[in-house]
Amino acid sequence: MSIAWRGALKRFGARVALDALELDVERGSVLALVGGSGSGKSTALKLVNRLLDADEGRVLVDGDDVRTIEPHALRRRVGYVFQRLGLFPHWTVAENIAATPVLLRWDPARIARRVDALLEQVELDPAAVRGRYPHELSGGQAQRVAVARALAAEPPVLLFDEPFGALDAITRGQLQERFVALHRALGFTGVFVTHDLGEALVVADRVAVLSGGKLLQVGQGRDLFERPADPYVASLVEAALSHAELLRWRLRAGGEAP
Ligand SMILES: Nc1ncnc2c1ncn2[C@@H]1O[C@H](COP(=O)(O)OP(=O)(O)O)[C@@H](O)[C@H]1O
Ligand SMILES: [Mg+2]
């Protein structure tokens, strides 16, 4: 299913959080939304699953205005991984993952099978973790559970709001790799919010850069690199490259600071 923002504008009081966004995500592709804190990334996502409604313009999923889609149907179409995890703390891992299937009144045996299959897909041992509570998981394990929960009812559209933002670099790299593998296997249409251009280039087919609620540029990584449309985009690319360069320098210099 495709996603389209058509002049989508959202205000909070006098502040315009998202300024008439025009953007498309092709069916089966992943778009990364990149920008600094407060640039409107989460707002753009929330308009898709109606955690927020646009003040002007429209958001379309598979060509339908999300406001005309019946809430249960929207829930089936769109999965969501929250910025701050959002696992229910008093529910076990299995209960968290089963949340949407239970709402959709799946048969309990089918739910149990699905929970175990999902845990395997995110590379967790079902027997070891299905009965645990969120506080009994590492950060990386909890994020894997959050991804499994979003995948539970196989929604064709998946939204990820800085899902790996709070993790250490190694865990983050592993989860980025798993994300790419899952996308290849499942073929969902995805929107992945991150403030990290490097992460965006790993997980997404195209990257959209937001600043102050405005879309500055959308394109493939190479487009942003070769033809930045705005000084902010150029500085993002520059920062990502100079970090890689600094790393190379330090490794050559045997770990000494420059
Ligand atoms: N519920 C809210 N009430 C008031 N202002 C909000 C609310 N949510 C977001 N904003 C404001 O809208 C702007 C965009 O926020 P957000 O989309 O969360 O940015 P990002 O996810 O890029 O950090 C920010 O200025 C933020 O303070
Ligand atoms: Mg946000």
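**Reading a sheet and a ligand shell**

Visitor: Which strands are joined by five bridges, and which way do they run?

Guide: Strands of a sheet pair through backbone hydrogen bonds, either parallel or antiparallel. Here strand 3 (residues 30–34) and strand 8 (residues 189–194) are joined by five bridges and run parallel. Two strands pair if DSSP finds at least two bridges between them. Helices (H or I, at least four residues) and strands (E, at least two) are DSSP runs, numbered from the N terminus. Alanine 32, by the way, sits opposite phenylalanine 192 in strand 8.

This is a predicted model: local features need pLDDT of at least 70, side-chain atom pairs count only at pLDDT 80 or more, and totals for chains, interfaces and linings use all residues. Residues are numbered from 1 along each chain as its sequence is written, while chains are lettered from A and ligands numbered from 1 in the order in which they are written.

Visitor: What order do the six strands of the open sheet follow?

Guide: Read across, the order is 6-7-8-3-9-10, with mixed pairing. Strand 6 (78–81) and strand 10 (214–219) are at the edges; each has a single partner strand, so one side of each is left without a neighbour in the sheet.

Visitor: Which residues are around ligand 1?

Guide: A residue is near a molecule if its C-beta atom, placed from the backbone, lies within 6 Å of it. Among those around ligand 1 are Phe12, Arg15, Lys41 and Thr43. Helix 1 gives the largest share of this shell, three residues.
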